[in-house]
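Have the structure open as you read.

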Amino acid sequence: MTVAIVLAAGAPAAGQPTAAGDTLADRLAEQWHRAGVTHVRRAANLTELATLVDAATGPVIVSGTDLVAHTAVLRHLATSPVGPTVALVLTDPPAPGQAVVREERGQVVDAGPDGRLDGGQTGVFGGALRVGRDDLSALAAAARAAVAGTPIAGTAAVAGTPPAAGPEAAGSAVDRLFTGLTALGTLTFAHRVRLLVAHRVADPAGLAAAEAAVAAVDEDRAELRLSVKEKDDFFTTFFVSTWSPYVTKASAKLGLTPTGVTAISVLFAAVAAVLFGVGGRPALVTGAVLLYLGFVLDCVDGQLARYTRHFSAWGGWLDTMADRAKEYLVYAGLGYGATAAGFRYGWALAVAAMTLQTVRHMTDTWYGVLHDEAARRPKAVGGGGGGIGDRLNAASTRVQADTGSLSYWLKRTVVFPIGERWALIALTVALFGPLVSLVAVLTWGVLAFAYTGALRTLRARWMWVPVLDTVDATLHRDDGPIAARFPVLRPMGPLTLAVLGALGPAALLVAAGLRVRAGDEAGGLAWAVPVALLVLLVAALGAGAAHNGPLDWLVPAALRAGEYLFAIAAGVVGGAPAWVVFGYVFVLTLHHYDLTARLEKRQAAPPLHGATLGWEGRSAVLAVAAFAGFAGIAMATLGAYLLVVFVGSVVLAWVVLPARARRGVGVPAGGEVRQPG
């Protein structure tokens with residue numbers, strides 16, 4: 001249950017009459033009701049607010065009484081999916097006493113009175129914030145500290161100087177409250193206002209101007225335009241978002257849900273994959289068109305969620321998983337089609353494309369976590385001293401700020417985002433066929449991986465943030481019971497060990513590939529499979545080590561690469577059919593994307609995670625099977641088992657455990673999940 005508290009203290013505009021004849025405080029309370037908040041309370045001062053917060057059992061929204069805004073702005077803040085705690089941030093010039101903020105990557109990393117940030121502010125606090133349940137104790141502490149006039153503990157470490165506090169401090173109570181909450185180190189995301197209107201007012205003239213600005217904007221039309229991402233990639237911006245809002249509007253009128261649109265998108269991609277496998281120019285062209293339309297719907301599901309404000313943890317997880325499943329189904333269709341057209345290694349190219357994209361996505365996810373963590377540690381980020389990482393970061397910031405320039409679009413395109421991948425697949429398969437399409441995807445993917453990997457490595461060394469120390473490294477390494485029993489080889493570091501471990505499977509795969517190309521049987525290398533496993537298990541020596549090196553965010557990707565390479569090599573040596581190898585790796589990617597999706601959505605481990613055996617356990621099973629000569633059967637069986645475990649985890653996480661939580665029944669240890677929606 002979300003509670004909205006209208007805080008009047010220190011806001012002279014609270015009692016000003018609006019054009020409708022009521023006061024600003026009355027109108028804000030009514031607007032919060034219309035924004036979907038069922039419980040609206042009023043607090044005359046910060047002491048009353050702290051008491052209300054103590055009694056709250058869910059998220060709390062706090063707003064001052066000098067805010068004039070569209071109801072949609074309040075609804076967007078109340079339903080924002082970016083994080084539990086979100087603050088409204090405006091671009092208006094700060095009035096005396098108003099808090100200004102500094103943001104990095106959408107996070108508020110500092111806040112204080114105008115002038116304290118030494119010109120480093122990126123916006124002004126909008127007088128309203130939503131505080132997640134886990135941050136309510138910090139909110140109450142900030143309120144009481146502001147009343148008592150005591151400095152916030154830890155302020156100097158976080159923001160450099162203590163915030164203004166106490167009843168004598170300048171500015172309204174909501175500004176002092178927000179400054180104190182930020183000083184406590186609370187992770188707060190910034191919610192910017194686009195297309196709609198929000199202003200803080202201090203006098204009748206400001207009130208009249210703000211009301212006129214609100215009345216001049218068509219709220220529904222603006223919300224439809226807001227459903228499109230502000231910054232997207234080149235293909236999506238110019239070939240999808242120009243007309244997808246019309247589909248979004250129609251979907252809303254038809255009563256479709258974002259999940260329903262996602263399902264239709266998956267269906268389109270699956271049919272396209274089948275047509276790519278069938279072959280023939282009409283089928284390939286039709287498949288390319290369906291692939292494009294499927295990508296449009298892939299954009300529409302997110303736009304529909306933003307337009308209707310129907311967000312849920314389940315929807316976010318499903319969207320992430322569906323994107324990867326669709327793409328890899330398409331790779332399967334291309335691999336089958338290339339093989340059917342007479343190319344011997346069609347499936348091999350499909351497996352390579354899937355492996356490359358998955359390892360790339362692992363680095364994307366973890367670099368994002370690294371950058372977010374660095375944004376919360378401004379001193380660590382600022383310690384570059386003008387080195388190459390500092391210069392690269394400054395150059396990237398300049399390019400990203402120059403929206404619409406050639407350099408801006410080149411930077412967004414060269415990294416080979418999903419829109420460009422689907423466009424490349426559709427064009428090449430329609431014009432040339434599945435083989436050329438797979439080669440094109442692999443070529444661009446390798447170049448993009450090299451480009452992003454090199455730049456991110458340099459910037460990460462400059463930032464030096466121990467990102468894996470902030471999460472469960474064992475979970476995201478995907479370690480199993482075998483790795484947990486290995487001794488720790490600390491001097492080499494977990495990344496060095498993970499890379500060394502991947503070299504064994506890579507060497508085995510190269511040797512097996514050369515034998516197959518020469519016409520020999522790869523089964524003659526069965527003796528080398530246990531050797532490659534022993535080399536792979538070197539990575540387990542880093543399982544218990546501290547993952548606090550500047551590049552240890554690469555450890556999960558290195559472990560994924562090692563396991564996939566070993567599985568492929570074991571399949572080739574053991575004579576497993578190529579499509580079985582593809583299917584097994586595909587199931588592995590679902591498992592690993594589940595982990596990264598949960599990381600991004602700040603959720604607990606999958607309920608049945610312990611049953612997945614870990615990367616080393618699965619590899620040991622395949623090693624025994626390949627050595628004994630039944631790799632195909634073992635790979636199919638293990639893949640089916642992992643798929644059942646994956647589906648079971650999905651059902652438990654999103655159906656059974658939330659239902660039990662709603663009934664007040666306890667959940668098993670380790671099975672706690674955040675209720676979707």
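A cavity is a set of grid points where a 1.4 Å probe fits but cannot get out, and its lining residues have an atom within 4 Å of a point. Keep in mind that this is a predicted model. It holds three cavities of 30 Å³ or more.

**The largest cavity**
- Its volume is about 70 Å³.
- His 591, Asp 594, Pro 606, Thr 612, Leu 642, Val 645, Phe 646 and Ser 649 form the lining.
- Helix 27 (631–662) gives the most to this lining, with four residues.
- By class, the lining has four nonpolar residues, three polar and one charged.

**The second largest cavity**
- This cavity has a volume of about 40 Å³.
- Among the residues lining the second largest cavity are Met 362, Trp 366 and His 592.
- Helix 14, helix 24 and helix 25 each supply at least two lining residues, and helix 25 gives the most, with three.

**The second largest pocket**
- About 830 Å³ of space lies in this pocket.
- Of its 27 lining residues, Tyr 345, Ala 348, Leu 509, Gly 513 and Val 572 lie nearest the centre.
- The lining of the second largest pocket divides into 17 nonpolar, six polar and four charged residues.

**Two packed helices**
- The axes of helix 13 (residues 313–340) and helix 14 (residues 346–375) come within 7 Å and cross at roughly 160°.
- Helix 13 and helix 14 are therefore roughly antiparallel to each other.
- Residues making this contact include Tyr 328 and Tyr 331 of helix 13 and Trp 347 and Met 354 of helix 14.

Terms used:
Residues are numbered from 1 along each chain as its sequence is written. This is a predicted model: local features need pLDDT of at least 70, side-chain atom pairs count only at pLDDT 80 or more; totals for chains, interfaces and linings use all residues. Side-chain values use heavy atoms; hydrogens and water are left out. Axes are lines fitted to C-alpha atoms, for helices over the stretch in contact, and angles run from 0 to 180 degrees between N-to-C directions. Angles under 35 degrees count as roughly parallel, over 145 as roughly antiparallel, 65 to 115 as roughly perpendicular and the rest as oblique. Contact means heavy atoms within 4.5 Å. On a 1 Å grid over the protein atoms alone, a cavity is a set of points where a 1.4 Å probe fits but cannot get out, and a pocket is an open set with protein on both sides within 12 Å along at least five of seven lines; lining residues have an atom within 4 Å of a point. Grid points are joined across faces, edges and corners, and a volume is the space filled by probe spheres set on the points. Ala, Val, Leu, Ile, Met, Phe, Trp, Tyr, Cys and Pro count as nonpolar, Asp, Glu, Lys and Arg as charged, and the others, Gly among them, as polar.
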